[in-house]
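Dear colleague,

I am passing on the structure below, and after it you will find some notes on what came out of it. Please keep it open while you read.

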Amino acid sequence: MASPNAIHHGDAQGFSEEIVASWVGFADGPSVKEGTRRPTTRWPIQKYLWSDFAVNPGDRVAYRVAPMIGPEAAMSEADDLASGWSAPVVIGAETNGGVSCFFNRGIVASQWLARLLPDDAPARTLATEIADPGSNIRHFLAGPIRNELVRLLTDAANSEAHIYAALFELNDPELVPLLQAFGKRAHIVLGNGSVRKKGQDANSHAREVLADCDLHDRMSAPRALAHNKFLVLCDADNKPQAVWTGSTNWTKTGLCTQANNAILVRNPVLARFYRDQWRLLAAAGDGTPDTLYESNASPRTTDTAKGTTLWFTPLRGRRDLAYASELIAGAKHGILFLMFNPGPRGTLLNDIIELALPGGANHRPELYIQGVVNQNPGTEKNPVVLFNRGERIDANSDVVLPAEIPGPLKYWKQELLKLPRAHAMVHSKIVVIDPYGDKPVVMTGSHNLGPKASSVNDENLLIIEGNGALASQYASNVMEIYAQYRWRQSVQKQGGKPRWAGLIDSDEWQISDPSKPYDKRRIRELDFWFGGRG
């Protein structure tokens, strides 16, 4: 379907040119119907960092930026001041080493979803939609993660391949039948989820459905969580070929109503490491024998995946966290992250915060640090002080907590924050170091990046160094989620009456005085993203 903002279609290189769209108009402008979309020649972008949500995986795109000059009533495009076209990029392209990453759109606190759900029962309607494999709302929320995982399972089943999965939670109405179709070629270690009492099973229905598969129970919770979410893809001869891992639980909420990530690595040696771990877990039953600790004591590396370090847990001595902490301490430009709840002490979040807090022994004021934490992991006895652009305060801007628009505002509807009884809004476990530097690092997997994940639970932590394209994709994902929640959190702090209510009819939104603290911080932000490095 052609964009309503298209200028022309199909140039010599096959590109169609269109104007990026905006859904937010001028604060003092006339009222418009909710969800109104206008080209940015009419509602221009008044920020230096922005995301284009209209592109999809596989799209090949390039951008140019032109300033809009003059007051709203007489704006004109200054084509002579426009930038050149950026180098074309393919959205979601596979990176070096056969590595691809995927993200869902599982943020419930969004305007597009608020406008699709009925005002009288939004949560109930959403719960129904994500349980329907044919729902367009489900498909959009689950996004590229669902699309790729369904494709991988379907192709593997059709080619008579074997799969090995170690899963924490499993209830998705689309994924369970896809596993069932493999029969004995589906080798599954299935935990009992996050339960409060021994003997409880959050995955009992899936366990019954998959009875004809090669199914191994790992009922270790609540003592320890069988927290992996990995899938090893083998060929018809049962030889490992690729591995899929990340933060995504194979559930309706994991796919649709939590921000999650997944990573696919097409490397037979790395895939074999994961299958070997699967066999250890299957043999361990419900316990955690010394043999498992001993096997996990050292990381897995291979010359076929240079710069890649794989840790499995549980292990003794927190060697995985120590390794990751050294990489964090070595950051030169900045650190971006998404975390669920790593815990109050001894976590990678604590390491990052120490770099940001003035007066601390490890303070690094030159670093750009930005992230989202699903909830403040502090307790009354062990408070975790989040930070705001170098100021030690309990609220935060550079580290934000998920929030929603609490009531109707101009251009915005009231939003849901989460489904009832759901605890995770941001479930990703991501740390990205120096994504645009000489030594980029990506950390991801099932690991919650704290002591319990290291020493008690079954986890995997995949650390990839030196892959700039992969780090850039993960950095962009962090930026999108951070930007989604940052303004919403400020709305909450301002009692539902935000200081920023739309575009302003002047140029005062721009950086004007680099000596001012706020503008100085914005310049540092731009340096990080665009190469100035401060």
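**The second largest pocket**

The lining of the second largest pocket divides into 18 nonpolar, 17 polar and seven charged residues, where Ala, Val, Leu, Ile, Met, Phe, Trp, Tyr, Cys and Pro count as nonpolar, Asp, Glu, Lys and Arg as charged, and the others, Gly among them, as polar. Please note that this is a predicted model, in which local features need pLDDT of at least 70 and side-chain atom pairs count only at pLDDT 80 or more, while totals for chains, interfaces and linings use all residues. Residues are numbered from 1 along each chain as its sequence is written, and side-chain values use heavy atoms, with hydrogens and water left out.

The volume of this second largest pocket is about 1,400 Å³, a volume being the space filled by probe spheres set on grid points that are joined across faces, edges and corners. A pocket here is an open set of points on a 1 Å grid over the protein atoms alone, where a 1.4 Å probe fits, with protein on both sides within 12 Å along at least five of seven lines, and its lining residues have an atom within 4 Å of a point. Of the 42 lining residues, Phe-168, Glu-169, Ser-194, Phe-340 and His-423 are the closest to the centre of the pocket. Two or more residues of the lining come from each of α2 (122–130), α6 (252–256) and α11 (451–455); helices (H or I, at least four residues) and strands (E, at least two) are DSSP runs, numbered from the N terminus.

Strand β18 (residues 368–373) is mostly covered, with six of its six residues buried, that is, under 20% relative accessible area with a 1.4 Å probe and protein chains only. Tyr-368, Gln-370 and Val-372 point one way from β18, whereas Ile-369, Gly-371 and Val-373 point the other way.

Strand β17 (residues 334–339) runs parallel to β18 and is joined to it by six bridges, two strands being paired if DSSP finds at least two bridges between them. Phe-337 has Gly-371 of β18 as its bridge partner. Strand β21 (residues 399–400) also runs parallel to β18, with two bridges joining them, and there Val-400 is the bridge partner of Val-372.

**Cysteines**

The structure holds zero disulfides, a disulfide being a pair of cysteine sulfur atoms within 2.5 Å. For Cys-101, the nearest cysteine sulfur is that of Cys-256, 19 Å away, and Cys-101 counts as buried at 4% relative accessibility.

Best regards

Definitions and conventions
Buried < 20%, exposed > 50% of the residue type's maximum accessible area, 1.4 Å probe, protein only.
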